[in-house]
Amino acid sequence: MLSAVLCSCAGGAALLYALYRWIIPALAQHHAGLALIWHDVIVERLLDTLTRSTRPQRLLGAVQKNATRGNPHSVLNAIDQFCRHTEWAMNVGDEKGCILDSVVSEVNPASVLELGTYCGYSTVRIARLLPPHAKLVTLEFNPHFAAIARQVISWAGVEEKVHLVEGASGDLIPRMKELFGVTAFDLVFLDHWKDRYLPDTKLMEECGLLRKGSVLLADNVICPGAPEYLDYVRSSQQYESQYFRSHLEYTKVEDGLEKSVFLG
């Protein structure tokens with residue numbers, strides 16, 4: 001009787017482990033809703049409880065363990081390896097990151113605004129490609145994320161190009177000229193709350209932070225999605241837009257980036 005109970009418990013444990021380790025992650029690779037709920041809710045909360053740490057802290061630990069200080073490429077590689085093989089995180093990721101790289105190189109901006117720093121992955125991607133004396137202002141609402149991002153940015157050795165500001169984008173965007181003397185941004189990377197894409201874009205227009213030729217690049221426009229923003233930039237005569245099809249970071253779920261050139 002006892003052996004039967006033990007076998008049953010062992011079988012149940014093995015099934016749960018298989019579901020957690022292989023079966024559900026494999027399904028989440030191809031299903032948008034499952035991917036976000038599984039990785040960004042269930043697994044994150046479970047690991048937070050078990051490790052008494054946060055995902056950003058675990059990501060920073062992977063950087064400090066595996067990346068070479070002062071080497072941006074090794075920092076990005078360490079984060080990508082962590083997110084692909086250890087624990088998923090919602091960075092722009094390596095696949096869409098290559099699209100981001102190409103846009104940054106094409107624009108060759110002297111001034112960049114990033115909305116949504118998270119742990120600093122995309123900040124490092126952008127900063128490493130900027131010309132000397134370029135300015136990257138990145139806004140992060142969550143102080144815990146900002147604290148981790150500062151350490152990641154410092155570890156990559158790009159902190160001299162980066163100005164990380166904590167606070168709400170709606171409060172900080174009108175203060176860009178006051179705080180940094182920026183008359184307009186050459187490139188804006190939108191990667192924060194998706195329901196803020198449109199109001200923050202309109203706010204940048206109102207504040208004169210977009211000049212003719214300024215480029216907006218918006219991440220996650222399909223998953224989780226920013227339909228109102230897409231409708232606005234694609235239908236407005238003030239923008240010329242182009243969609244870059246890709247995948248949600250570290251999955252096979254369709255996602256993409258929308259590049260919109262401000263025509264004035």
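Me: At its relative accessibility, is Asn108 buried, partly exposed or exposed?
Reply: This is a predicted model, and Asn108 sits in its loop between α5 and β1 (111-115). Phi of Asn108 is near 50 degrees, a positive value in a residue other than glycine. Buried means under 20% relative accessible area and exposed means over 50%. At 48% relative accessibility, Asn108 therefore counts as partly exposed.

Me: What is the relative accessible area of Asn220?
Reply: Asn220 belongs to the loop between β5 (210-218) and α11. Its phi is near 55 degrees, again positive in a residue other than glycine. Asn220 is buried, and its relative accessible area is 1%.

Me: Which residue caps the N-terminal end of α4?
Reply: Helix α4 covers residues 72-85. At its N-terminal end, a side-chain oxygen lies 3.1 Å from the backbone nitrogen of His73, and that oxygen belongs to Asn71.

Me: How far does helix α4 reach from its first C-alpha to its last?
Reply: Helix α4 has 14 residues. The expected span is 1.5 Å times one less than the number of residues. For α4 the expected value is 20 Å, and the helix comes close to it, with a reach of 20 Å.

Me: Against which helices do the buried residues of α4 pack?
Reply: The buried residues of α4 include Val75, Leu76, Ile79 and Phe82. Also among them are Pro72, Asp80 and Cys83. The buried residues of α4 pack against α3 (55-66), α5 (93-107), α6 (121-127) and α7 (143-156).

Me: Which residues make a nonpolar surface patch of about 230 Å²?
Reply: One member, Ile42, is found in helix α2 (residues 32-51). Patches are made of residues with over 30% relative accessible area. Ile42 is partly exposed, with a value of 42%. The patch is made by Ile37, Val41 and Ile42.

Me: With which side chain does the side chain of Glu178 make a polar contact?
Reply: Glu178 lies in helix α9 (residues 176-180). Glu178 is exposed, with a relative accessible area of 58%. At 3.1 Å, the partner of its side chain is the side chain of Arg175.

Me: How many Å apart in space are Glu178 and Leu190, C-alpha to C-alpha?
Reply: In sequence, Glu178 and Leu190 are twelve residues apart. In space, C-alpha to C-alpha, Glu178 and Leu190 are apart by 21 Å.

Definitions and conventions. Residues numbered from 1 in each chain as written. Predicted model: local features only at pLDDT ≥ 70, side-chain atom pairs only at ≥ 80, totals over all residues. Heavy atoms only, no water. Patch = residues over 30% accessible without salt bridge, like charges linked within 9 Å, V, L, I, M, F, W, Y side chains within 5 Å. Areas by Shrake-Rupley, 256 points an atom, 1.4 Å probe, with all protein chains shown as cover. Salt bridge = Lys/Arg side-chain N within 4 Å of Asp/Glu carboxyl O. Helix = DSSP H or I, 4+ residues; strand = E, 2+ residues; numbered from the N terminus. Buried < 20%, exposed > 50% of the residue type's maximum accessible area, 1.4 Å probe, protein only. Contact = heavy atoms within 4.5 Å. Polar contact = N/O pair within 3.5 Å; in protein donor to acceptor, adjacent residues only side chain to side chain.
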